[in-house]
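Please read the points below with the sequence and the model side by side.

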Amino acid sequence: MSHDDLDLRWIIADTRLLVQNLFRNVEQTRNGIRGRRGGAPPAAKSAMEAVETFEVASSSQGDCAVCTDAMVMGEIGKKLPCGHCYHESCILPWLRTRNSCPLCRFQLQTDDAEYESKRRRE
Ligand SMILES: [Zn+2]
Ligand SMILES: [Zn+2]
């Protein structure tokens with residue numbers, strides 16, 4: 001085996017290690033982002049107040065995804081800007097803990113300035 005071959009082997013081994021570390025970093029970054037999302041801030045009070053309130057007028061309204069019960073005629077519902085509807089009594093407590101629609105993850109405005117500026121940069 002020539003000396004050059006040996007050098008090449010070292011380079012390959014080095015590169016492999018580098019790539020492995022890179023993947024590990026990407027994985028960690030991904031997990032970090034996921035962790036941040038899990039800890040999403042609650043929706044801003046103004047954003048919650050801006051959510052359209054309606055009275056369920058037909059039996060074909062469908063189910064509320066928070067409690068999985070049907071939305072019964074005459075009940076008070078909330079319609080998020082994304083178009084998804086929930087019971088008022090279900091979605092308000094939900095939005096007090098996180099700012100996204102349970103079905104499509106549409107995000108409502110928050111009071112968290114740091115979160116908002118991060119969101120704009122994404
Ligand atoms: Zn409900
Ligand atoms: Zn939605």
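Which residue in the hairpin of S2 and S3 takes a positive phi? Gly-83 does, with a phi near 100 degrees, in a hairpin that has 5 residues between the strands.

1. Basis of the note. This is a predicted model, in which local features need pLDDT of at least 70 and side-chain atom pairs count only at pLDDT 80 or more, whereas totals for chains, interfaces and linings use all residues. Residues are numbered from 1 along each chain as its sequence is written, and chains are lettered from A and ligands numbered from 1 in the order in which they are written.

2. Overall make-up. The protein has 4 helices and 3 strands, where helices (H or I, at least four residues) and strands (E, at least two) are DSSP runs numbered from the N terminus. Along the sequence these elements follow the pattern α-α-β-β-β-α-α.

3. The sheet. The 3 strands form an open sheet in the order S1-S2-S3, with antiparallel pairing, and S1 and S3 are the edge strands, each pairing on one side only. Neighbouring strands are turned by 35 degrees against each other on average, direction ignored; the axes behind such angles are lines fitted to C-alpha atoms, for helices over the stretch in contact, and angles run from 0 to 180 degrees between N-to-C directions.

4. Strand pairing. Strands count as paired if DSSP finds at least two bridges between them. S1 (residues 52–55) is joined to S2 (residues 76–79) by 4 bridges, and Glu-55 has Ile-76 in S2 as its bridge partner. S2 is joined in turn to S3 (residues 85–87) by 3 bridges, with Lys-79 partnered by Cys-85 and Gly-77 standing opposite His-87.

5. Helix against sheet. Helix H3 lies across S1, S2 and S3, and it runs at about 100 degrees to S3.

6. Core and burial. Buried residues make up 11% of the 122 residues, a residue being buried if 20 or more other C-beta atoms lie within 10 Å of its own, exposed if 12 or fewer, and partly exposed in between, with C-beta atoms placed from the backbone. The largest nonpolar core has 7 residues, namely Ala-43, Cys-64, Met-71, Tyr-86, Ile-91, Leu-95 and Leu-108; such a core is a set of buried Ala, Val, Leu, Ile, Met, Phe, Trp, Tyr and Cys residues joined through C-beta atoms within 7 Å. Leaving aside neighbours within four places in sequence, Tyr-86 is in contact (C-beta atoms, placed from the backbone, within 7 Å) with residues including Cys-64, Val-66 and Ile-91.

7. Loop residues with positive phi. Most residues other than glycine have a negative phi. Thr-68, in the loop between S1 and S2, has a positive phi near 60 degrees, and this residue is exposed because 8 other C-beta atoms lie within 10 Å. Arg-105, in the loop between H3 and H4, has a positive phi of about 65 degrees although it is not a glycine, and Arg-105 is likewise exposed, since it has 12 other C-beta atoms within 10 Å.

8. Asp-112. This residue is found in the loop between H3 (88–97) and H4 (113–121), and Asp-112 is partly exposed because 15 other C-beta atoms lie within 10 Å. Asp-112 and Pro-42 are 70 residues apart in sequence, yet their C-alpha atoms are 8.3 Å apart in space.

Note on methods
Two residues are in contact if their C-beta atoms, placed from the backbone, lie within 7 Å.
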